[in-house]
Amino acid sequence: MRNLSSNRIVIIDSLRGFALAGVCLVHMNEQYIASAPPDSLMEVTNSLFDKILGGIIGFFIIGKFFALFSILFGLSFFIQMDAAAKRNENFEFKFLWRTFLLFIIGYAHQLFYKGDILTIYALLAPFLIPFYRLQNKWILLVSGIFLVSIPRFISYAILGNESAFGFAPIMDANNAPNIAYLNTLKEGTITEVFIENGIQGMLHKMDFQIGLVARFYLTFGYFLIGLWIGKIGLFQNVEQKIPIIKKCLKWGLVCFIISAIITAVVFAFSPQPIDFKSWFHVFGLNAYDWSNIALTLIILSSFILLYQRKRGFRFFSFFESYGRMALTNYVLQSIIGTFLLFGWGLGLIGKLQTIYLVFIAFTIITAQAIGSKIWLQNFRYGPLEWLWRSATKGKLQALKK
């Protein structure tokens, strides 16, 4: 489905907004710590309902909506390259400049929230360029190598479960450096948080990306899936591809059940406590990632199928404007969230039960979605989208309609 006035494929905007809503929910549930909170953080006791709610978020959302967001980044790369090719323009150098600008925006966001993903996208994006001209089968092959986490096995063979930068094991939430960081978030000034996130936070994030968790490699695999989706024209011809999407949904369900069983069996019979010093544990972590990938496929396929129905379209189109202003909304939700939670703001970190964190997340999502719709009735782009576009082109772009 297209917006004929701008030739935008609005289902992509709606999907991006839907993915961003999931990201907001995850970040707020994690209280913008970008790591597992230690037991000592919580000043309130979560009820059984809170624990169930947190489990639902962990099972259905964590790792899946980030994946959707990453797939859409790869798809956006294809759309930009393809549009330039149709104009007989070489977009590669402009894309590199655009990527550099994204890194700057991401680093500014990083100062508030060390879990920023924009800097990672910017670092990975240049490697997409050679894949644009490859045949689909090679794109899928390389994506498969990354998504089955072959790089994780290589990293583990070299580093084991040790940090690449000498930090405490990432799975240990109660280590002294993590406690010290949380004290900075709870009691530090905004300048102290900026310094911590801008230096140590970046190193921690890179450690998370290239070490045992291997998020760097998964992200690029998702990029390639998005590029492949663009090359096959999935969203330009959704109606004709419904049978394929239904097959993807079916196989996603099968793969999810198999990988979930493997994950449960591996960790049930693996050495205890789980410290990822064993290859057995690493294989279990891979199986868990496979279940996330399969569930992402289920969510994506279900979204597309439901979007074709009247009720589904009405619901998901609520996220269209939200998705068109995804960059602005992503950064703004972090500023709002950290202000509410961190010590330089209202200092509510560790003081709210899960139900209240979820309520705040839904409030932010709803307010941003409505605000985005009103904004785009009067302006062509979101504020950060306009700034990014203007800097890319080297001159101020028309903002007001």
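Predicted model: local features only at pLDDT ≥ 70, side-chain atom pairs only at ≥ 80, totals over all residues.
**Reading side-chain contacts and helices**

Colleague: Lys-114 lies over the face of Tyr-181, at 4.2 Å from the ring centre. Which atoms and cut-offs decide that a charge sits over a ring?

Modeller: The test asks for NZ of Lys or CZ of Arg within 6 Å of the ring centre and within 35 degrees of the ring normal. Residues are numbered from 1 along each chain as its sequence is written, and side-chain values use heavy atoms, with hydrogens and water left out.

Colleague: When do two rings form a pair, and how many aromatic pairs are there?

Modeller: Rings of Phe, Tyr and Trp (its six-membered ring) pair if their centres lie within 6.5 Å; planes under 30 degrees apart are stacked, over 60 edge-to-face, and the rest tilted. The count by this rule comes to 35 aromatic pairs. The pair of Phe-77 and Tyr-132 is edge-to-face, because the ring centres are 6.3 Å apart and the planes stand at 85°. Phe-77 belongs to helix α3 (residues 65-86) and Tyr-132 to the loop between α5 (118-124) and α6 (136-147), so this pair ties together parts that are 55 residues apart in sequence. Phe-153 and Trp-279, by contrast, are stacked, because their ring centres are 6.0 Å apart and their planes are at 20°. That pair links distant parts of the chain, with Phe-153 in helix α7 (residues 150-159) and Trp-279 in helix α12 (residues 279-307), 126 residues apart.

Colleague: Are the residues of these two pairs buried or exposed?

Modeller: Buried means under 20% relative accessible area, exposed over 50%, and partly exposed in between (1.4 Å probe, protein chains only). Phe-77, at 1%, counts as buried, and Tyr-132 is buried at 13%, whereas Phe-153 is partly exposed at 24% and Trp-279 is partly exposed at 47%.

Colleague: How should I read helix α3 as a whole, and what is its span?

Modeller: Helices here are DSSP runs (H or I, at least four residues), numbered from the N terminus, and the expected span is 1.5 Å times one less than the number of residues. With 22 residues, α3 reaches 31 Å from its first C-alpha to its last, close to the 32 Å expected. Because 17 of those 22 residues are buried, α3 is largely enclosed by the rest of the structure, and it is followed by Asn-88, whose phi is positive, near 60°.

Colleague: Which side chains meet in salt bridges, and how many salt bridges does the structure hold?

Modeller: A salt bridge needs a side-chain nitrogen of Lys or Arg within 4 Å of a carboxyl oxygen of Asp or Glu, and the structure holds 7 of them. Among them, Arg-133 and Glu-92 meet at 2.6 Å, N to O. This pair links distant parts of the chain, Arg-133 lying in the loop between α5 and α6 and Glu-92 in helix α4, 41 residues apart. Another joins Lys-205 and Asp-116, with the closest N and O atoms 3.3 Å apart. Lys-205 is in helix α9 (residues 190-210) and Asp-116 in the loop between α4 and α5, so the pair ties together parts that are 89 residues apart in sequence. Lys-205 is buried at 6% relative accessibility, and Asp-116 is buried at 1%, whereas Arg-133 is exposed, with a relative accessible area of 60%.

Technical notes: Helix = DSSP H or I, 4+ residues; strand = E, 2+ residues; numbered from the N terminus.
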